[in-house]
Amino acid sequence: ESGAVGGGPDRSSRSIHPMAEPELREWVRCAADGLALGDEALGVALGLIDAYCRSGRGASPRRRRAAGAAALWVAAKLEEYAPPCAAAVCWAAGGACSPAQLVRAEARLLRALDYRVWTARLAPEPEAARPRPGDFVGA
């Protein structure tokens, strides 16, 4: 659940994706707090940053912060009912990028990940978990 700024859920107990740099993860957490994003959106954003760091793109701290802002924006679009606008993301990101730079960073992030963006809600069910027509006969 999303909470209001200052009244949201405690984010200190959340699991951290091991591949993203600790400073970048903490920075993304703070920006997510500023946007009052829910746990699901933060989890997706951290997963995107983790995958982005593994891709080897964005070596400079400025580019990584722009990618962090883009990851938050993509995650908010996937998980929030009313995702923030680009200007709000840039504000919460402490001016890491302008709205135009955020759009470019989003494109770079998605290209680096080969557009493989998913959440638990969007992931396909494993074949074994899908009901088969025979499962309902005689029930």
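**The core and its surroundings**

Author: Within the largest nonpolar core, which has 40 residues, Val28 and Leu102 touch the most other members.

Reader: Which elements give two or more residues to this core?

Author: They are helix H1 (22–35), H2, helix H3 (61–79), H4 and H5. As general background, nonpolar side chains tend to be buried together in soluble globular proteins.

Reader: Is this an experimental structure or a prediction? And what is the average pLDDT?

Author: This is a predicted model. The protein averages a pLDDT of 76, and 68% of the residues score at least 70. Over residues 1–19 the pLDDT is below 50, although this stretch has 44 contacts in the model beyond near neighbours in sequence.

Reader: Where is confidence lowest and where is it highest?

Author: The lowest confidence is in helix H2 (residues 39–55), with a mean of 88, and the highest is in helix H4 (residues 86–92), at 94.

Reader: How many helices and strands does the protein have?

Author: There are five helices and zero strands. Along the sequence, the pattern reads α-α-α-α-α.

Reader: What share of the residues is buried?

Author: Of the 139 residues in the protein, 41% are buried. As for the contacts with a separation of 6 or more, 70% are between residues 24 or more positions apart.

Reader: Returning to Leu102, what does it touch?

Author: Not counting residues up to four places away in sequence, Leu102 touches Ala69, Ala70, Trp73, Ala86, Val89, Cys90 and Cys97.

Reader: Is Cys97 buried or exposed?

Author: Cys97 is buried, because its relative accessible area is 5% and the limit for buried is under 20%. Cys30, with a relative accessible area of 46%, is partly exposed.

Reader: With which residues is Glu106 in contact?

Author: If neighbours within four places in sequence are left aside, Glu106 is in contact with Ala70, Trp73, Val74 and Lys77. Two of these residues are also related to each other: Lys77 lies over the face of Trp73, at 3.7 Å from the ring centre.

Reader: And how many aromatic pairs are there?

Author: The structure holds zero aromatic pairs.

Reader: Which loop holds Pro83, and is Pro83 buried or partly exposed?

Author: Pro83 is found in the loop between H3 and H4. Its relative accessibility is 36%, so Pro83 counts as partly exposed. Pro83 is in contact with Ala76 and Lys77, leaving aside neighbours within four places in sequence.

Reader: One last topic, namely backbone angles. What is the phi of Ala36?

Author: Ala36 has a positive phi of about 55 degrees although it is not a glycine. In general, most residues other than glycine have a negative phi. Ala36 lies in the loop between H1 and H2, and at 18% relative accessibility Ala36 counts as buried.

Reader: What about Asp114 and its phi?

Author: Asp114 is not a glycine either, and has a positive phi of about 55 degrees. Asp114 lies in the segment after H5. With a relative accessibility of 46%, Asp114 counts as partly exposed.

Technical notes. Residues are numbered from 1 along each chain as its sequence is written. This is a predicted model: local features need pLDDT of at least 70, side-chain atom pairs count only at pLDDT 80 or more; totals for chains, interfaces and linings use all residues. Side-chain values use heavy atoms; hydrogens and water are left out. pLDDT is the predictor's confidence in each residue, from 0 to 100. Helices (H or I, at least four residues) and strands (E, at least two) are DSSP runs, numbered from the N terminus. Contact means heavy atoms within 4.5 Å. Rings of Phe, Tyr and Trp (its six-membered ring) pair if their centres lie within 6.5 Å; planes under 30 degrees apart count as stacked, over 60 as edge-to-face and the rest as tilted. A charge sits over a ring if NZ of Lys or CZ of Arg is within 6 Å of the ring centre and within 35 degrees of the ring normal. A nonpolar core is a set of buried Ala, Val, Leu, Ile, Met, Phe, Trp, Tyr and Cys residues joined through side-chain atoms within 4.5 Å. Buried means under 20% relative accessible area, exposed over 50%, partly exposed in between (1.4 Å probe, protein chains only).
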